[in-house]
Amino acid sequence: MSPTPSKKSADAAAAAATATQARSSATGLGGGGGGAGMRLIVPLQGVVQGRGGLVLGTLIPCALFYFLQFYLRRNRSPPPTSPQPPAANGPDLPGIVRSSSRNFLSARGSSSHAAISSRAASIARSCDSPYFVGTKKCSEDPYHPVDNPDGVIQLGLAENRVAFFYPRKSFILLLPFGGLIPVRSFLSIVVGLLQLSLDLIGDWLARNVKDTLLDERQGGLSISGLATYQPFDGLVELKMAVAEFMGQVMQGSVSFDPSQIIMTAGATPAIEILSFCLADAGNAFLVPSPYYPGYDRNIRWRAGIELIPVPCRSTDNFGLSIPALERAYNQAKMRGVKVRAVLFSNPSNPVGNLLHREALRDLLDFVTEKGIHVIADEVFAGSTHGTEDFVSMAEVLNTDEFDRSRVHIVYGLSKDLSVPGFRIGLIYSFNEHVIAAASKLARFSSVSVPTQHLLISMLNDTKFITQYIKTNRERLRVMYALLVNGLKQLGIESVKSSGGFYCWTDMSKFMKSYSEKGELELWKEMLNVAKIHLTPGTACHCIEPGWFRLCFTTLTEKDVPVVLERIKRVVDKH
Amino acid sequence: MVKGAESCVPLSEVATSNTHGEDSAYFAGWKAYDEDPYDAASNPAGVIQMGLAENQVSFDLLEKYLDQHPGASGWGCGISGFRENALFQDYHGLQTFRQEMATFMEQIREGRATFDPERIVLTAGATAANELLTFILADPGDCLLIPTPYYPGFDRDLRWRTGVRIIPVHCSSSNGFQVTLQALEDAYVKAEGMKIRVRGLLLTNPSNPLGTAITRHVLEEVLDFVTQKDIHLISDEIYSGSVFSSDEFVSVAEIVEARGYKDCDRVHIVYSLSKDLGLPGFRVGAIYSYNDRVVTAARRMSSFTLVSSQTQRMLASMLADREFTENYLKTNRERLKNRHDFITEGLKNAGIECLPGNAGLFCWMNLAPLLEEPTKEGELRLWSLIVHEAKLNISPGSSCHCSEAGWFRVCFANMSQQTLEVALRRIKDFMKNMKAKQEK
């Protein structure tokens, strides 16, 4: 029979499971659209050929052209997949859909004879933590401005959709011929199309994708370079292109060496592999809190490394405190726990603030003095929207005489390039032994080669990339300002932050009690009454109750007033 | 500020251990190849790679498919569906793709087994699938039993980060290296004696490096054994589509179904498109488990090794084309059989016997008669001669933990026919020289 897990591992499991749920996407928001595209083809063709109605030549002919391409291609390609109910269903065993032959099994009851490992047993149980519950609710009742205006709005997912149009089933049903549609819907189409016209990446692909895969040497489509075993830590061309991209994203202040890069299937395995390289099971990392909930799963689960939160305070604007690190280090030492590294995110997730040069240098001093590593998670480096400049750890190393072999950076394209599904992450290390070990460990989490080729082409199109980075930043700036100012008018303050897809907001005055319990109650109220899913500070190990992370990148500008109105519902009651 | 100095920041045991195995003979041969690779035109005297179990014999079929399906050559990334694709990182995997994988697996078994797409967990390659299962089924310090000879990569994939051990189940040439109940018992008892908890048995079917499909009789015995010991069974079936005559392959899934799914909570199958479809670069692997908790845990753990959504989309289209897959499987099997027959015939003419094989991308050849001494050292000396004199990288049986010295794995599908002919000529010459030396 399976062994009973300790409470510690059950907590770890709960935290890990919630993080997993939150990460998994494919919420109803992303679904959209489908079969009725056929109806549009003739009228749209009419529009494009100049025989259209009122819309022609007025607003956005280009956008309509892309729009047309979209629907034509959609009809030629296999039917779009309906998104799976997300991970929310995962841990509930009855939620696994079974074919009829499986009914026999389900009748047998759940006890299995051959036991699974304690690692797996603790995670296979379902749990009710906020992160998971909220995401589940979003998937069951997803907000849609036209089809489901009372649905749950997902603000708990740090995913960037500002680069894409907002999916509207109404697109398919509406014909842009003026009088045939209600004006309100027409406006929604216009806004949507405006965003579509700026769907830079999708547009680039429409123009370039075929070329990305032709093997120029052979002048035709050759599969051997795509299909055969390639170095597990990534093609050299991709490393070069990514190094270039990183330099660009960090505004040219530092350049990256491709030979220090190990590509992995996302930043998630990058962090895990680094953890396996830098510490043994039972060791610990110091992590300034609040921190990204996913770390609990990524680092504690299989690598068995403890995460010691080092609280940052609102009075310091949640900035890094060396004295606090020092205290935490000493406390760990007294417990007999060996600290092996400091892990921090910059731009910070969930707060969104940036570390300035002095802070980075102080941190380097600290880790050097303690003889430990430092891991800088810089996945949001290109997603800055404030006036401050982002300074990478690499840049600080550049100018100063530090022992570089203790420094490791995690990066990826999920956030800055909005392609989390493609699984492209990396470890950037200054330690040759880590590079050697990690490049071998990358075999367990390797990037798919055709995807690598696609990215190589895309990243090498520097004109496109420059435009993309600029536009993306601008949109983040707009959305951030909209949301934060709107919240301010409701009397809700946010930490001044310069990066990421979210704002870090103080809702403590609306809690019934200034405690974790009070925070969770408020969180539930937000979910059930306001029907908004936010990330509560407790999930991020924040020691001050009442702070919430609100992600704005799955919203359009139009959604912001809706969000604010919903929040007002709850706020007005207090 | 501290001045830059020689770093003494320690790394983990995982990082500094040798469990990656890349210092072994298996990989030393690869090194020799890397330094001096054969090329018909530019380096005809270079080392020919026969240590890589990769299937290149059917690339043209894939290329033809792409040529005829320009939409697919958008590689799942036309503007339509791009957004969903790019954002999709759900560890359930694309429903359509899982559906197609399940159907493809059924196709390979010619309908003798059924697969429920909801039980498929996708991973970035079979390497990841095997490691994941090990993390899930065993704790550090426990062990898995594996019949020898086995794929050298298991030493790394199953042990490195997991801390799990491998206890070999020794098979002998007296019965064609088939697993026997006695051998299983012996290994189990040995583990008990070492106070190591046995968590499961891992079979590769068809076998790498033997190139043989496991018989129904042996599978039944194995299933009885694991049931009696209350341990898991992992059946690595990544070469299932590479059995030359499809009816000679029996999947553990068939046995499970024949037994009415009784006690199947302990059975898990690993699959991949790297061998059968010749697409190792795509990084597509799968775990199929009859155990709900394992499916749940594996799904979550697959976050560390998700398959690119673009790749899933692309392959879902390709696998959905039944005409293509039927034709591919049939043609691929024929070509592999032809290659196999060609090389075994050639080896026979050179005086070398192979284990009669019916599957895979390689054959298991017996050079024991050439050994000065029937030991691992003797084998490695011979192997070194073959790599450096005959300039052929083949895999020594000792790296596969074979208990009998003198066996070697020779891959035949990762090169052109012409290269294979060159390799056979070199083997023939090598054998002639060896015989001459022996006669002296």
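1. Is B:Tyr151 buried or partly exposed? B:Tyr151 counts as partly exposed because its relative accessibility is 22%. Buried means under 20% relative accessible area, exposed over 50%, and partly exposed in between (1.4 Å probe, protein chains only).

2. A word on the basis. This is a predicted model, where local features need pLDDT of at least 70, side-chain atom pairs count only at pLDDT 80 or more, and totals for chains, interfaces and linings use all residues. Side-chain values use heavy atoms, without hydrogens and water, residues are numbered from 1 along each chain as its sequence is written, and chains are lettered from A and ligands numbered from 1 in the order in which they are written.

3. Over all chains, the whole structure holds 24 aromatic pairs. Rings of Phe, Tyr and Trp (its six-membered ring) pair if their centres lie within 6.5 Å; planes under 30 degrees apart are stacked, over 60 edge-to-face, the rest tilted. One edge-to-face pair is A:Tyr480 with A:Phe552, at 6.0 Å centre to centre and 65 degrees between the planes. These two residues are 72 apart and link distant parts of chain A. Both A:Tyr480 and A:Phe552 are buried.

4. B:Tyr151 pairs with B:Phe154. Their ring centres are 5.2 Å apart and their planes at 85 degrees, so this pair is edge-to-face. B:Phe154 has 1% relative accessibility and therefore counts as buried.

5. Ring pairs also join B:Phe115, B:Tyr261, B:Tyr288 and B:Tyr290 into a cluster.

6. Charges sit over rings too (NZ of Lys or CZ of Arg within 6 Å of the ring centre and within 35 degrees of the ring normal). The charged end of A:Arg297 is over the ring of B:Phe304, 5.8 Å from its centre. B:Lys229 lies over the face of B:Tyr188, 4.8 Å from the ring centre.

Notes. Helices (H or I, at least four residues) and strands (E, at least two) are DSSP runs, numbered from the N terminus.
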